[in-house]
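Hi,

Here is the structure I promised to pass on. Have a look at it first, and then read on for what turned up.

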Amino acid sequence: MVASAMSCTVTRGVCIKVESSYVKEESEPHLNNYFFSYKVKIENEGSEVVQLVSRRWLITDASGRTEEVEGPGVVGKTPRLNPGETFEYTSFCPLPTPVGTMQGGYIMRTDRASSSRPRLILSLLRCRMR
């Protein structure tokens, strides 16, 4: 791996840090295949229990092409975090250009949410892949 870039945002006590890295060993620039990894750290710095419900990312390459990725949880999990707890995961993003961006975030529910009116936290984040 080569140089990495870090992004960070805090929304209602939930801190999300993303570090993206170019993975040279998996990339084939002569075929326009650039492979990036990103490590996400979600920290509950608030006073309420939160659970990650879903995620939505818009991935844009240097040519302006955008792909939307959304769905329940992350890496097959919907982690529940007590105050002070952390959840980390790593995922990957192939791009046809050597530079791109990811922006989006997570929908999280607090324990105080009722099933008829969930209380949600949306953490928006933008990270640069290069």
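Before the rings, one cut-off: two aromatic rings of Phe, Tyr or Trp count as a pair if their centres lie within 6.5 Å. By that rule, ring pairs link Tyr22, Tyr34 and Phe36 into a cluster. Do keep in mind while browsing that this is a predicted model.

**Confidence and overall layout**

The mean pLDDT of the chain is 85, and 83% of the residues reach at least 70. Strand 6 (residues 80-81) has the highest confidence, at 96, whereas strand 9 (residues 120-129) has the lowest, with a mean of 56. So far as secondary structure goes, there are nine strands and zero helices, and the pattern along the sequence reads β-β-β-β-β-β-β-β-β. Out of 130 residues, 42% count as buried.

**Aromatic pairs**

Searching the whole structure gives six aromatic pairs. One of them joins tyrosine 22 and phenylalanine 36 in a tilted arrangement, with 5.5 Å from centre to centre and 55° between the planes. Tyrosine 22 sits in strand 2 (residues 14-22) and phenylalanine 36 in strand 3 (residues 34-44), 14 residues apart, and the pair links these distant parts of the chain. How covered are the two partners? Tyrosine 22 counts as buried because its relative accessibility is 15%, under the 20% cut-off. Phenylalanine 36 is buried too, at 0% relative accessibility.

Another pair is stacked: phenylalanine 35 and phenylalanine 92 are 5.4 Å apart centre to centre, with 25° between their planes. Because phenylalanine 35 belongs to strand 3 and phenylalanine 92 to strand 7, this pair ties together parts that are 57 residues apart in sequence.

The largest pocket holds about 190 Å³ of space. It is lined by 14 residues, and Tyr38, Ile59, Val69, Ser91 and Phe92 are the closest to its centre. Phe92 is also the phenylalanine of the stacked pair above.

Which parts of the chain build the lining? Strand 4 (50-61), strand 5 (66-72) and strand 7 (86-95) each give at least two residues to the lining of the largest pocket. Strand 7 has the largest share, with five residues. Sorted by class, the lining has 11 nonpolar residues, one polar residue and two charged ones.

**Strands 4 and 8**

Strand 4 turns up again in the pairing: strand 4 and strand 8 run antiparallel and are joined by 11 bridges. Strand 8 (residues 100-110) is mostly covered, with eight of its 11 residues buried.

Valine 99 lies in the loop between strand 7 and strand 8. The C-alpha atom of valine 99 is separated by 5.5 Å from that of alanine 62, although the two residues are 37 apart along the chain. With a relative accessible area of 25%, valine 99 is partly exposed.

That's the lot from my side.

Cheers

Notes. Residues are numbered from 1 along each chain as its sequence is written. This is a predicted model: local features need pLDDT of at least 70, side-chain atom pairs count only at pLDDT 80 or more; totals for chains, interfaces and linings use all residues. Side-chain values use heavy atoms; hydrogens and water are left out. On a 1 Å grid over the protein atoms alone, a cavity is a set of points where a 1.4 Å probe fits but cannot get out, and a pocket is an open set with protein on both sides within 12 Å along at least five of seven lines; lining residues have an atom within 4 Å of a point. Grid points are joined across faces, edges and corners, and a volume is the space filled by probe spheres set on the points. Helices (H or I, at least four residues) and strands (E, at least two) are DSSP runs, numbered from the N terminus. Ala, Val, Leu, Ile, Met, Phe, Trp, Tyr, Cys and Pro count as nonpolar, Asp, Glu, Lys and Arg as charged, and the others, Gly among them, as polar. pLDDT is the predictor's confidence in each residue, from 0 to 100. Buried means under 20% relative accessible area, exposed over 50%, partly exposed in between (1.4 Å probe, protein chains only). Two strands pair if DSSP finds at least two bridges between them. Rings of Phe, Tyr and Trp (its six-membered ring) pair if their centres lie within 6.5 Å; planes under 30 degrees apart count as stacked, over 60 as edge-to-face and the rest as tilted.
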